[in-house]
Structure formats: structure tokens, C-alpha cells
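Hi,

Here is the structure I promised to pass on. Have a look at it first, and my notes follow below.

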Amino acid sequence: MHANGTKSLTIAFIGGGNMAEAIIGGLCQDVQYRLVFSEPSRERRDYMQQKYLNVEGYSDSEQVLALEPQVVILAVKPQIMKVVMKELEPILQQRQQHDLPTPLLISIAAGISTLSIRRWLNVVDLPLIRLMPNTPALIGQGAVGCYAMDGVSAEQRQLTESLLGVVCKHISWVEKEPLMDAVTAVSGSGPAYYFLIMEAMQNAGVEAGLSIEDAKALTLQTCLGAARMAMESEDDLATLRQKVTSPKGTTEAALKVLEAGNIRQLMYDAVFAADQRSRELAEEFGKD
Ligand SMILES: NC(=O)c1ccc[n+]([C@@H]2O[C@H](COP(=O)([O-])OP(=O)(O)OC[C@H]3O[C@@H](n4cnc5c(N)ncnc54)[C@H](OP(=O)(O)O)[C@@H]3O)[C@@H](O)[C@H]2O)c1
């Protein structure tokens, strides 16, 4: 915050849905940020403004851009990104033509390439970052992959990290945009893989005689504990597995079944299927 009481950075969100709310919820206590968002639904605007004091909602993007935000976070569904970019196009073009500062654009729309965004905006040299957060970001536990186009400064990367830090525990930068498909396949879709594994483990526990409550709680805490342990340990994942697998013990008996069922190949195929689908969706969404 400046000495005169004004906020030093205006962060604008286009779209006031779930992901915007998670980030706004994390940032709203920070006095240095003025947080504004555009959202067509009046009900949603009212909800956001009542829940997060000092957050300003507007019905259209033009009003939000008129506030000259330093950062604009594009938080609408991928299917409507093109329409929204066409709304922003004349405003950003005009600012550039008059040598007025343009904002850093951060897109969280899954599968929309930076080239598509630039093409739709028809604005050259606009700093643009693309993110792929995952659903646990909604509870402040996300993992996110980021790609920055040429022209994004080190300070803008740093600012992006501090904004993302409120919803994500891990941030990876990829150097080439096609790697965002791999990020999507590992961490973007990843929570569902673990939900499936945990569901199967819980059901097996019930079949083995546990109550559903116990089977669920034991499964979830085991998953969480294993992840925490792997994060805090200096051992790699294979070593950690070996350390808890005594010869002829119970863990070895279970792991033999998983290996015989080719769990490694299954996971490989699953990740590559998601990677491939991510490419196909990018092509579909990015069409003119
Ligand atoms: N949720 C996640 O876990 C997650 C994870 C990774 C990536 N993402 C990405 O994050 C983006 C947002 O996802 P979300 O889950 O937050 O979606 P969401 O809850 O549907 O939020 C999008 C919001 O944008 C509003 N909107 C529609 N048209 C608009 C316009 N022209 N101008 C401004 N706002 C407009 C929508 O209003 P209406 O509902 O009234 O149309 C809605 O409230 C998506 O691109 C998604 O791919 C989300």
C-alpha cells in the first residue's frame, strides 16, 4: 500500500467463478492489492462482494479494464475464451495505440494456447502467462504448471508466483508450451487418479471387514501421510517403497499383486492418454 493509502496493485479477474474465488479468497486480506472482477451473473457478484469485503464486482470486462489493472487474470471457461478475448481486443488495442500501459495477462483456461489468445486479441507483444492449476487449488493445496511467453519479465513471473502462492503449494515453470499438456496429464487430471485409487482401496477395506467410515479415514490419511512423508524425505520414491517393504511381509505380498497387474504400464498409458486428449482439446478450442 502506498503512503497515501491507495493500493499499489490492481488485480482484475475476468470471470468470478470457482477458481477466481479461490484466488480472491486468498488475496483479499493483503492490503497491497485492489481486487476487481467482471462477472455477468448479478447473483454471483453479490455473493462475492458480500463474502469478500473490499472486492469489487462489475458486470462487464470493459469497466474492469478501465480501472487500469496491472494484472488481468482470465478465469472463464475455455469454451468462451474466444468471445471474451474479442471483448477485450478493442480496449487493449486502443491502450497500445495510445502508448498506455497494458496489463500482464494470466490465463487459467485449460487447454487454450497462448498463441490462440494472442491471435484472438490481435495485440502484439502483450505479456502473457498460461497456467494449469488443479482442483485442490480450491482449498489452497494446488499444484500448478506455468508457461510464460517471451516478453514476460522476471518481476512479472515473481508477481505471478506470489498471486498463485495463496492457492498452490507447488509451482513449476515449463520452458516449452507443449509441456503444458504433460502438466495437464500429471497434475491437472491427477487428483482424479488418486480419487479412483482411494475409492478402490476404501472398497477393498470394506470387503475385508472394516466399516466404511474406518476404511475411508484410514485410506485418506494413508494417502496424505505417504505424500507428506515423500515430500519431507530425502529418499526418492523407489527407496521409500523399498524401505517399507520387508521381505516376505504384507506390503511385499500386496506390491507383487500390483506389479503383476502391470500398474506401472497402466499409469503410463493413463498419463499419455490424458496428454493426447489435452492436445486434441487445445486444437478444438483454439480453432478460429
Ligand atoms: N475449477 C478448477 O479446479 C480448475 C482447475 C484448472 C483450471 N481451471 C480453469 O479455470 C477457469 C475457470 O474455471 P472455474 O471452475 O472457475 O469456472 P466457473 O466457476 O464456471 O467460472 C467462470 C465464471 O465466468 C463467468 N463468465 C461467463 N462469461 C463471462 C464474461 N463474458 N465475462 C466475465 N465473466 C464471465 C461465468 O458466469 P456464468 O456462470 O454466469 O456464465 C462464471 O461465473 C476455466 O478456464 C478452467 O479451465 C479450473
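Which side chains meet in a salt bridge at 3.0 Å, N to O? Those of Lys 86 and Glu 89 do. Keep in mind as you read on that this is a predicted model.

The two residues sit three apart in helix α4 (residues 81–97), so about one helical turn lies between them. Lys 86 is partly exposed, with 36% relative accessible area, whereas Glu 89 counts as buried at 15%, because the cut-off for buried is under 20%.

Glu 280 is partly exposed at 36%, and so is Arg 277 at 39%. Arg 264 bridges to Glu 259, also with closest N and O atoms 2.9 Å apart. Elsewhere, Glu 21, Arg 44 and Lys 51 are linked in a network of salt bridges.

Now the overall layout. The chain splits into domain 1 (9–183) and domain 2 (190–279), with centres 35 Å apart over C-alpha atoms. Four residues of domain 1 contact four of domain 2. Together the domains bury about 410 Å², 50% of it on carbon and sulfur atoms, and zero salt bridges were found across their interface.

Ile 197 belongs to helix α8 (residues 190–207) and is partly exposed at 39%.

Cheers

Notes: Residues are numbered from 1 along each chain as its sequence is written. This is a predicted model: local features need pLDDT of at least 70, side-chain atom pairs count only at pLDDT 80 or more; totals for chains, interfaces and linings use all residues. Side-chain values use heavy atoms; hydrogens and water are left out. Helices (H or I, at least four residues) and strands (E, at least two) are DSSP runs, numbered from the N terminus. Buried means under 20% relative accessible area, exposed over 50%, partly exposed in between (1.4 Å probe, protein chains only). Domain bounds come from an automatic or database domain assignment. Contact means heavy atoms within 4.5 Å. Buried area is the accessible area (1.4 Å probe) that two parts lose on being put together, summed over both. A salt bridge is a side-chain nitrogen of Lys or Arg within 4 Å of a carboxyl oxygen of Asp or Glu.
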